[in-house]
Amino acid sequence: MKFVYTHNAQTLTLDIDRAGDDFEIEINGEHAPVQVISFAPPRLTFSHNGKVFTARVMSDGKKRWVHVDGATFVLERADARTQRGHSHGAREGTGSGIVVAPMPGQVRGVLVNEGDVVTEGQPLVILEAMKMELKVSAPQDGVVSKILVTQGQSVEREQILGQVESNQ
Amino acid sequence: MVKKILIANRGEIAVRIMRACREMNIATVAVYSDADRAALHVRVADEAIHIGASSPRESYLNIEKIIDAAKKTNADAVHPGYGFLAENAEFAQAVNDAGLVFIGPSPFSIRAMGDKAEARTRMIANGVPVVPGFQDADDDASLENAARKIGFPVLIKAAAGGGGKAMRVVNDAHDFLEALASARREALNAFGDARVILEKYVANARHIEFQILADKFGNTIHLFERECSIQRRHQKIIEETPSPLLDEDLRERMGNAAVAAARAMNYENAGTIEFIVDPDTREFYFLEMNTRLQVEHPITELTTGLDIVQWQIRIANGEELAVNSEPLPVSGNQSSVISLQSPVSAHQRGHAIECRIYAEDPSNNFLPSTGRVLDLELPNMPSVRADSGIATGDEASAFYDPLLVKLIAHAETRDAAIAKMQNALREFVLLGVTTNVEFLQAVLEHETFREGKATTRFVEEIGDWRLETGDWRLETGDWRLETRDWRLETALIAAAVVELLEKKVSDVPVSSANDPYSPWRTNGAFRVGGGAASG
């Protein structure tokens, strides 16, 4: 069975077959046996290429949080990308003028109205989280075509706040 | 004698104070907001009272509701912790007026020293050196004018502030008014007071503070310094004691200045005098006094062996400071004994470091992250302390401070303490909320930190953002653990294996269910979900 995860901008693919506690994995064309020694959630102990590893694994929607020896990884099941635009894609979508929340929090203020002409870098929305205030600014010169949030509202990270359409 | 204390706070500090109370056989009352109705501090307390909505202004900053909660539960004292109302003189006064003991200094001291403007004025009057600045008026025009006179970069600080909240560095006159408005809004929200002061922004400074303890009998001592130069957004992330910068002479001069400043106020209970030190000239300047318990107090506790929170309670109870016990055997030159011509002295042994684990994403400009803590494991090793405000299943909410856990390590030398902290961070597990743990590891690895030369600009100087991949890099290379690759591969395998192990039989396609080799047909030794998660 094939699993595809994204980690940061990287796509990671792994093929895995199971027979009882024994698994056969394939990463980048290399096959290796994996044997589960114990699984007391969230702790998984297994042997791989003759060495024993312990990891802690928790699921959170499409995310898999995995801790291995001091390093924490968030692997996202690749099929999650169809749900909501890939996070980096949303952030890089500057050409579209889409304005996203860089952090989760509450909307403390909406500084512009739909139809306003704004310049690049002009503050549009003030977010607050954990007592910290953050201005979200216009990604380009243009007209505010959409404002999708109101003061007092809670937003998630990467949630679309509005859009600034280019004049050209 | 105090028998029941209401803790007017939340998170790790509320839990830490409750622990001190338990050890002193004092009952505890928690207060909580909507968001915190099942929070760890509520679960640890003997009693808990709901005080309002999640927004701090409607709960943890609501004086009336907190006093009501104290009366309702027959508490005889209130401990404010840090943040929220800890440096609010009106609150301390209200506690006293209700016939309760406020565990902290007098409302007079809080007003005088907690107010940055008045504190500066008083320090100047007492001959304590202060940073060039402006505190004489609060209208926008006067401030803008003063900023031009002081010269940019200028630091805007909340007059009622502390803890790095509502601070703005302004590099250019054009940005001043906008930064001022923003700082005022944040100050109003965090402290209920929009007044600000200005200070010349001293680049490349060291932030070094002295812990003060003072009783009702005029005994005022310091418990040595804490070096707090590793900061981001003016908030400390790593603290240590002793400071690698100070020699005995500078330590003595700064310590004496700190004690003199507190004595000049007839200061009582625990407090901290913050200085900035120019590492080139070795000049020091008074920055502010925090008239409360400090987040980083544990490093002082580990090196002095004193329980500062218990001493706060004992002082409030009218006990005399009597920490002039025989010094413990010392090793190396890191230890010293302080005697300040009072019957009281304290000594320090070895070196301690604290790392603050924040709910924030270093690869996203250290912006806050939120979420549910899916898994938490605290390190368990000799001389490591973990002060946590959360447990598995708890929520890191956007309403409150991002501080989740403090790890504190103590060892004989600085190098040994760093090694111990690295080990502790490696064993620390927190899944479900993005934290700064690997960034802390990177700082501990960094040459400048290891040489003890980091200034308050360290975090902004060491790296540049690589937004395209969301990675943070230090000038010395990848900040992530050197051998992260095998860990990523192990994580990938573990994730996939767990997907299969946790797959419900109903999820397995029919073709697979008919497969004679399918694990789902056999009833092997392995049981999905068998066994409890263990620590």
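Two strands count as paired if DSSP finds at least two bridges between them. Keep that in mind for this tour of a predicted model.

**Stop 1: a sheet in chain A**

Select strand S10 of chain A, residues 105–110, together with strand S15 of chain A. These two strands run antiparallel and are joined by two bridges.

**Stop 2: the domains of chain A**

Zoom out and colour chain A in two parts: domain 1 covers 2–82 and domain 2 covers 89–165. The C-alpha centres of these two domains of chain A are 36 Å apart.

**Stop 3: where the chains meet**

Show chain B as well. Here 53 residues of chain A are in contact with 53 residues of chain B. Highlight strand S6 of chain A (residues 51–60), which gives the largest share of chain A's side, six residues. Colour that side of chain A by class and you will get 35 nonpolar, nine polar and nine charged residues.

**Stop 4: two domains of chain B**

Chain B has five domains to colour: domain 1 (4–103), domain 2 (132–200), domain 3 (206–348), domain 4 (351–482) and domain 5 (493–535). Keep domain 1 and domain 4 of chain B on screen; their C-alpha centres lie 28 Å apart. Between them, 13 residues of domain 1 of chain B are in contact with 13 residues of domain 4 of chain B. Which helix gives the most to domain 1's side of this contact in chain B? Select H1(B), which gives four residues. By class, that side of domain 1 of chain B holds five nonpolar, five polar and three charged residues.

**Stop 5**

In soluble globular proteins, nonpolar side chains tend to be buried together. The largest nonpolar core in this model has 183 residues, and B:Leu407 and B:Val497 have the most contacts inside it. Helix H16 of chain B (residues 484–502) gives the most to this core, nine residues. Centre the view on B:Leu407: the residues it touches include B:Ile357, B:Val384, B:Met421 and B:Phe428.

Finally, look for a separate core of 24 residues, among them A:Val99, A:Val149, A:Val155 and A:Leu161.

Methods: Residues numbered from 1 in each chain as written. Chains lettered and ligands numbered in written order. Predicted model: local features only at pLDDT ≥ 70, side-chain atom pairs only at ≥ 80, totals over all residues. Domains from an automatic or database assignment. Contact = placed C-beta atoms within 7 Å. Nonpolar A, V, L, I, M, F, W, Y, C, P; charged D, E, K, R; others polar. Core = buried A, V, L, I, M, F, W, Y, C linked by C-beta atoms within 7 Å. Buried ≥ 20, exposed ≤ 12 C-beta atoms within 10 Å, placed from the backbone. Lists of a residue's contacts leave out its neighbours within four places in sequence.
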